[in-house]
Structure formats: structure tokens, C-alpha cells
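User: Hi! Could you walk me through this structure with a few questions and answers?

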Amino acid sequence: MIRLNQLVATYTTVRGTVKAVDGVDLEIPSGNIVGIAGESGCGKTTLLKVIYGDLVYPLALDSGGVDYVFADDDRQEVTTETIQQYWFKRISYIPQSSMSSLNPVVKIRKQFVDFLEPKANKEETLDRVRQFIRQLDLPAEALDSYPHQLSGGMRQRMMVALATFFQPDIILADEPTTALDVVVQKGILLLLVRLQRQMQNTVLFVSHDMGVHYQISHRMLIMYAAKAVEFGESAEVFSAPLHPYTRMLIDSLPNIGDDHMRQGVSGRPPSLWDDLRGCRFAARCPLATQRCRDEEPAFIEHRPNHFAACHYAGDELPKVEPSA
Ligand SMILES: Nc1ncnc2c1ncn2[C@@H]1O[C@H](COP(=O)(O)OP(=O)(O)OP(=O)(O)O)[C@@H](O)[C@H]1O
Ligand SMILES: [Mg+2]
């Protein structure tokens, strides 16, 4: 279980500090694939970095924190400050671009070995890693390559392999398949799903693709302008979304054989530097009233295990007439 307590994370810039995650408060139960979606810049990567405890300047935790409760010893208190010691073993991170996260001048084996416990028998572990990556359709020699010697798909497969080898309780996957072609993409997603099924661990999976979420995510977290705006079981989020933003994201999905007008979400999210009074989605929301512009909606449980931050949660959106 991962408990996010009023998490506020900031970046320090020459202009001052900006809140990239602003008051996210929710509990993620274990054993699920949790899909995270929302437009570019809404704080998805920042949220994963905070959960991974990778707080390097200019990113900092401003207030709040994360509690991690692992399946086998729930007595252990683990926080964002102490989670680093569990990297790879209990929590792992597949970053948005594996090219930029792997050190280009160091062989992959070396980069991974650096994280193994010093006392562990490295050679024996490496043998097991070689066996493991072979099961994932990677040549054992790939471990002895430099990142640029592998194709984009192989590199990402390697990241998945390294991230899952120790069967960590939590895997954070940040758009693990963008920039890959569709066939390779599908292979990697299937691999992630298969491994999650075997290990029954928690996977936080960031993707812009609501179609992919519909297929693989058990739960959905929708973010908007640094806030969590909806969280619930996918089946319910997709069939009965509470937040108008979620509804519009889902409505923008094309359905085969359906000539219904797809609207998408027009306009852009507000800048995080602006005065963000009221509901951050109000300017784009077809349901917005003065109340929305004045008063920030709380993130509350409207239905069992289904949360949203909207004054008009669950209300129907006005119908869009197809243009001639
Ligand atoms: N190093 C940085 N310095 C300053 N601001 C940053 C930095 N990294 C991110 N931000 C800002 O923090 C906000 C959240 O960024 P983040 O990368 O978490 O978004 P994201 O949802 O992952 O976007 P994307 O879908 O494009 O990956 C954005 O407004 C972004 O401009
Ligand atoms: Mg990102």
C-alpha cells in the first residue's frame, strides 16, 4: 500500500518555486496496475519521482509525504527519505526515456550491479539476471552492451527486466512505451502485464493513451494541473466518470464504426504560475459555474472507492451536436 499524504512537490527555478504536485492525498492499494493520465505538464512524472524518493534539485518535497507499507513487514516505517535503500529490491522505476536514464558510457551490467548489495554474490546474481533477461526475449549479451548498442525497444525491455528482476513490491513505469513503434509497444505492455500478474505487485503506469489504460489498468488516477482530480476502479471510471475532465478524455477516444462526433478537450491547462483560484479546470469545463471559479472543489469519495474533485461530480455534460 502507498499512502500519499497531502503531497506538495516543487521545482526551484530562477522565477521562484512552482508546485508541480499540489496537495495530492490518496491511498493506493497494493496488487494493482494503477494508470495515471492527464495532459503534459500536469505532474505525472513529478509524482512518480517523489514516490521513488528521487528528490534531487531542483525538485523538492515541500510538505506532506509518502508512507509505504510493504506486504511482508508492515511494521517497518518507510518514507520518502528512506525509500532509496529499497531501490530495485522493493521499488523500481522505468523512466520516461530509458536512453537518458541509462549512462551512455557505462555498460548496462555495471549500472545495475552498482545497485546490488555489496555483500551479495554479484556473479551469481548476474547469472540469474542473464537467465531472467533471456526469458524476456533479450540476448544475455545485452547486459554487457552499452545502451546505444541496443535498439530503443531492447533498451526499454532491458529497463523492464532490471526493474522487475528483484520482484519489487512497487514498479513505477513512466510512459514506458512512448517513442517505440506500435508492435514493440504492445510487446512491452504485454510483458509488464504478465509480470504484474505473476508478482501481484503494484504498478503505477503513466500513459497519455486512454485506450491502453482501458486495456491494462485496474485503477485510474486522473491528474489536472498538479492535482488529482479523479481516482477509482477503471471499470467504473470508464463507465461512469465523475469528473468532466475524465469524461472528456474518455470521449476523445475513437470507437471503431462509430461516427459520433469526438470533441476532445479544447484549450489548454492553466499555467502553474498563475493565480489558481477555484477549480483549475473551470475555464475549460462545460459545467462550470461561478462557484467553480471561486471555490476549489475538495477531492472526496463520491461513491465507494471512487474519488473526484468536482462540485458537479457525475453530472451529464451537454451534448455536442455534430457539425455539418
Ligand atoms: N526540472 C524542472 N524545473 C522546473 N520545472 C519543472 C521541471 N520539471 C518539470 N517542471 C514543471 O513541473 C510541472 C510538472 O511536470 P511533469 O514533468 O511532472 O509533468 P508530466 O505530467 O509528467 O508531463 P509529460 O506528460 O509531458 O511528461 C510542469 O509544469 C513542468 O513545467
Ligand atoms: Mg512526464
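This is a predicted model: local features need pLDDT of at least 70, side-chain atom pairs count only at pLDDT 80 or more; totals for chains, interfaces and linings use all residues.

User: How far does helix 5 reach from its first C-alpha to its last?

Analyst: Helix 5 covers residues 152–164, which is 13 residues. At 1.5 Å a residue you'd expect 18 Å, and the reach is close to that. So the value, following the expected-span rule, is 18 Å.

User: Which residues of strand 8 point the other way from Arg219, Leu221 and Met223?

Analyst: Strand 8 runs over residues 219–224, and six of the six are buried. Arg219, Leu221 and Met223 take one side, and the residues on the other way are buried too. Those are Met220, Ile222 and Tyr224.

User: In which sense does strand 8 pair with strand 9?

Analyst: The two strands form a hairpin with two residues between them, where Ala225 takes a positive phi near 45°. Tyr224 has Lys227 as its bridge partner in strand 9. Over six bridges, the sense is antiparallel.

User: And which element gives the most to the shell around ligand 1?

Analyst: That shell has 14 residues, with Tyr11 and Ala20 among the closest. Strand 1, strand 2 and helix 1 each supply at least two. The top giver, with three residues, is helix 1.

Key
Residues are numbered from 1 along each chain as its sequence is written. Chains are lettered from A and ligands numbered from 1 in the order in which they are written. Helices (H or I, at least four residues) and strands (E, at least two) are DSSP runs, numbered from the N terminus. A residue is near a molecule or strand if its C-beta atom, placed from the backbone, lies within 6 Å of it. A residue is buried if 20 or more other C-beta atoms lie within 10 Å of its own, exposed if 12 or fewer, and partly exposed in between; C-beta atoms are placed from the backbone. Two strands pair if DSSP finds at least two bridges between them.
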